[in-house]
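Welcome! Please take a moment to look over the chain before reading on. The report below walks through some of its features one by one.

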Amino acid sequence: MQPSDAEPQTDDSILIRLEVQQAATSAVAPEVITERVRQLLSTSRLQYRDIHIPFSAENDQILAENVVAICIVDTETDQEAPQGTPLLFWQVHLEIHVFQLSEEGAADDDEPEDDVSTYRDWLLPAQEFHNLWDSLVYEDNIKARLLQYASTAISFGEKGVDPRLVSFNRTVLLHGPPGTGKTTLCKALAQKLILRFSHRFRQGQLVEVNAHSLFSKWFSESGKLVSRLFSKIMELVEEEDSLVCVLLDEVESLTRARSAAVSGSEPADAIRAVNALLTQLDALKAYPNVLVLTTSNITGAIDLAFVDRADIKAYVGPPGLQARYEILRSCMAELQRVGILAPQSYSPLPYAMLSPASVDGGGDSSEGGLATSRSLLDAARACEGFSGRMLRKLPFLAHAGAVSNRKAHAPSCEAFAHKLMDAAMKEASDRKSMNGR
């Protein structure tokens, strides 16, 4: 395959996006890395559903010394094409995104009110959020929807679209029950965007606002806290080559404060603070390099004035069967990686590869991990109604519950899938007893 931007692209060419993680200690220019990757791919044979691109010092010393990984991401390929189908050069249009992870971690507000930090901020892309996007599993394509929305919002800003004529606020509202990954999805989206738009932004920043800290016990101080917070955010967005994502978690707490102030149970200072916050959010519309991400667990408590400002109001609910299966499968893969589960035992197949015949018992259950897959699917069915947070906790509980029967060797994936079923039934029973009190 010869991937070159100079080659003519057909209307049905496949867009291949590559994320190239450059070593944190590397000082090589990203342009050099990009060209080296192109040269590497010119002698490679890409296939449908490839993920990791192998490289070594034998084929490129520069890449071997300066690059951690080369991965294909977010690529829409022909889903009907069989595994191993090659991609021909005239079928491909390449996007290469080179990035280095920041290892600085989160920085807190250096002037907290009553020792309570108003915000935390991260330099993006951050080591803390690496691979976070890929670890999130949803069935309703919400990740693609959010990524496309954010890409369009940034593109409109770059093109100078007048928001007074074509209205867009660059504000997202994710709502749903606790534990469904709304906050995590916002952080993963911010990380993903700075990778996707590495050609446009030199760096990114995520500012996570502590909404509860915006209300002071001292009269007239709440408005000052809001002003000071957004003065900091405005300083960040003034840098045009920096993408700033503002995360407002549990945004309904602002609504409650405003509603309580109107009813007279809270001082007028609270409503002034919330009004000031909404005004400041409106002011951010003038900047093309900022995105506001918000979450809520209580939909009915959100102020309509805020709802009107959100471009997207997406529901994030408990995972369905396919998502539950894939979440548990990813957990088992991690336990295999570290040796807690037997690495040579059959691993569960991806959900997409489970045909109705294989699920119902057709085919040879001793090959391809079908028996393990069926056991894991039974466990996923038993987890109906569980949040993503609970699902990722279940393997720990399954392992802890089996401690008395643990043997010297690591259990197989199939045996552990049965333990997951036991843990799921125990959790369901505990929840039922709590609800029956």
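## Ground rules

Buried means under 20% relative accessible area, exposed means over 50%, and partly exposed lies in between (1.4 Å probe, protein chains only). D378, for instance, is partly exposed, with a relative accessible area of 37%.

This is a predicted model, in which local features need pLDDT of at least 70 and side-chain atom pairs count only at pLDDT 80 or more, while totals for chains, interfaces and linings use all residues. Residues are numbered from 1 along each chain as its sequence is written, and side-chain values use heavy atoms, with hydrogens and water left out.

## The sheet

Let us begin with the strands. Helices (H or I, at least four residues) and strands (E, at least two) are DSSP runs, numbered from the N terminus. Two strands pair if DSSP finds at least two bridges between them. Seven strands form an open sheet here, in the order β4-β5-β7-β8-β9-β6-β10, and the pairing is mixed. β4 (107–108) and β10 (312–315) stand at the edges with a single partner strand each, so one side of each has no neighbour in the sheet.

How well covered is strand β7 (residues 203–209)? It is mostly covered, as seven of its seven residues are buried. In a regular strand the side chains alternate between the two faces of the sheet. In β7, Q203, Q205, V207 and V209 point one way, G204, L206 and E208 point the other way, and all are buried.

β7 runs antiparallel to strand β5 (residues 119–124), and six bridges join the two. Within this pairing, L124 has G204 of β7 as its bridge partner. With strand β8 (residues 242–248), β7 pairs in the parallel sense over seven bridges; there, E208 is partnered by L247 of β8. Another parallel pairing, over five bridges, joins β6 to strand β9 (residues 290–296). In that case the bridge partner of V172 in β9 is L293.

## Rings and their neighbours

A pair of aromatic rings is described by the distance of the centres and the angle of the planes. Rings of Phe, Tyr and Trp (its six-membered ring) pair if their centres lie within 6.5 Å; planes under 30 degrees apart count as stacked, over 60 as edge-to-face and the rest as tilted. By this rule the count comes to three aromatic pairs. One of them is the tilted pair of W122 and F129, with 5.3 Å centre to centre and 55° between the planes. W122 is buried at 1% relative accessible area, and F129 is buried at 3%.

Y325 and Y351 form an edge-to-face pair, 5.6 Å centre to centre with 65° between the planes. This pair links distant parts of the chain: Y325 is in helix α10 (residues 321–337) and Y351 is in the loop between α10 and α11 (356–359), 26 residues apart. Y325 is buried, because its relative accessibility is 0%, whereas Y351 is partly exposed at 25%.

## Salt bridges

Side chains of opposite charge can pair when their charged atoms come close. A salt bridge is a side-chain nitrogen of Lys or Arg within 4 Å of a carboxyl oxygen of Asp or Glu. By this rule the count comes to 15 salt bridges. Among them is the one between R36 and D60 (3.5 Å, N to O). It links distant parts of the chain, since R36 lies in helix α1 (residues 30–42) and D60 in the loop between α1 and α2 (61–66), 24 residues apart. Which of these side chains is buried or exposed? R36 is partly exposed at 30% relative accessibility, and D60 is buried at 6%.R337 and E334 also form a salt bridge, with their closest N and O atoms 2.8 Å apart. Both lie in helix α10, three residues apart, about one turn of the helix. R337 counts as exposed at 62% relative accessibility, and E334 as partly exposed at 37%. In helix α12 (residues 370–382), R381 and D378 are likewise three residues apart, about one turn of the helix. The closest N and O atoms of their salt bridge are 3.3 Å apart, and R381 is partly exposed at 40%. R202, E239 and D241 are linked in a network of salt bridges.
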